Amino acid sequence: MGASSFKTSAEYQRERRERNQQRGVRRLDVEIEPKLMARLQRELAGYGAATHPGAALVEWLGDVLPE
């Protein structure tokens, strides 16, 4: 049987990182205390923090920080 035409998760991730790099997006690694994360998750619930906490945090920051 021939090779699958579906992309792997690693291929999607690599492509996303390449697009983000071209757009000047920066990657940030954050370590956070459990109590603060619990508070943030409550604050970010409407932004999808249950499934994508990092993306929710970025969206929330975009909403709360002035231009």
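The model is predicted, so local features need pLDDT of at least 70 and side-chain atom pairs count only at pLDDT 80 or more, while totals for chains, interfaces and linings use all residues. Residues are numbered from 1 along each chain as its sequence is written, and side-chain values use heavy atoms, with hydrogens and water left out.

**The largest pocket**

Let us start with open space. Rolling a probe the size of a water molecule over the atoms shows where empty space is left. On a 1 Å grid over the protein atoms alone, a pocket is an open set of points where a 1.4 Å probe fits, with protein on both sides within 12 Å along at least five of seven lines. The largest pocket holds about 790 Å³ of space, a volume being the space filled by probe spheres set on the grid points, which are joined across faces, edges and corners.

Its lining counts 23 residues, and Arg27, Leu28, Gly54, Ala55 and Val58 lie nearest the centre; a lining residue has an atom within 4 Å of a point. Two or more lining residues come from each of helix 1 (9-22), helix 2 (34-43) and helix 3 (53-64). Helices here are DSSP runs (H or I, at least four residues), numbered from the N terminus. Helix 3 gives the largest share of the lining, six residues. By class, the lining has 13 nonpolar, five polar and five charged residues. In this scheme Ala, Val, Leu, Ile, Met, Phe, Trp, Tyr, Cys and Pro are nonpolar, Asp, Glu, Lys and Arg are charged, and the others, Gly among them, are polar.

**Salt bridges**

Side chains of opposite charge can pair when their charged atoms come close. The structure holds two salt bridges, each a side-chain nitrogen of Lys or Arg within 4 Å of a carboxyl oxygen of Asp or Glu.

| Salt bridge | N to O distance |
|---|---|
| Lys7 and Glu15 | 2.8 Å |
| Arg14 and Glu18 | 3.8 Å |

Arg14 and Glu18 are both in helix 1, four residues apart, about one turn of the helix. How open are these side chains? Buried means under 20% relative accessible area, exposed over 50%, and partly exposed in between (1.4 Å probe, protein chains only). Lys7 is partly exposed at 41%, and Glu15 is partly exposed at 23%. Arg14 is partly exposed at 45%, as is Glu18 at 40%.

**On the surface**

Leu28, Val30, Ile32 and Leu36 make a nonpolar surface patch of about 370 Å². Such a patch joins nonpolar side chains (Val, Leu, Ile, Met, Phe, Trp, Tyr) within 5 Å, from residues with over 30% relative accessible area and no salt bridge. Leu36 belongs to helix 2 and is partly exposed at 38%.

Arg39 is also found in helix 2 and is exposed at 53%. Its C-alpha atom is 42 Å from that of Ser5, 34 residues away along the chain. Asp29, in the loop between helix 1 and helix 2, is exposed at 70%.

How values were computed
Patch = residues over 30% accessible without salt bridge, like charges linked within 9 Å, V, L, I, M, F, W, Y side chains within 5 Å. Areas by Shrake-Rupley, 256 points an atom, 1.4 Å probe, with all protein chains shown as cover.
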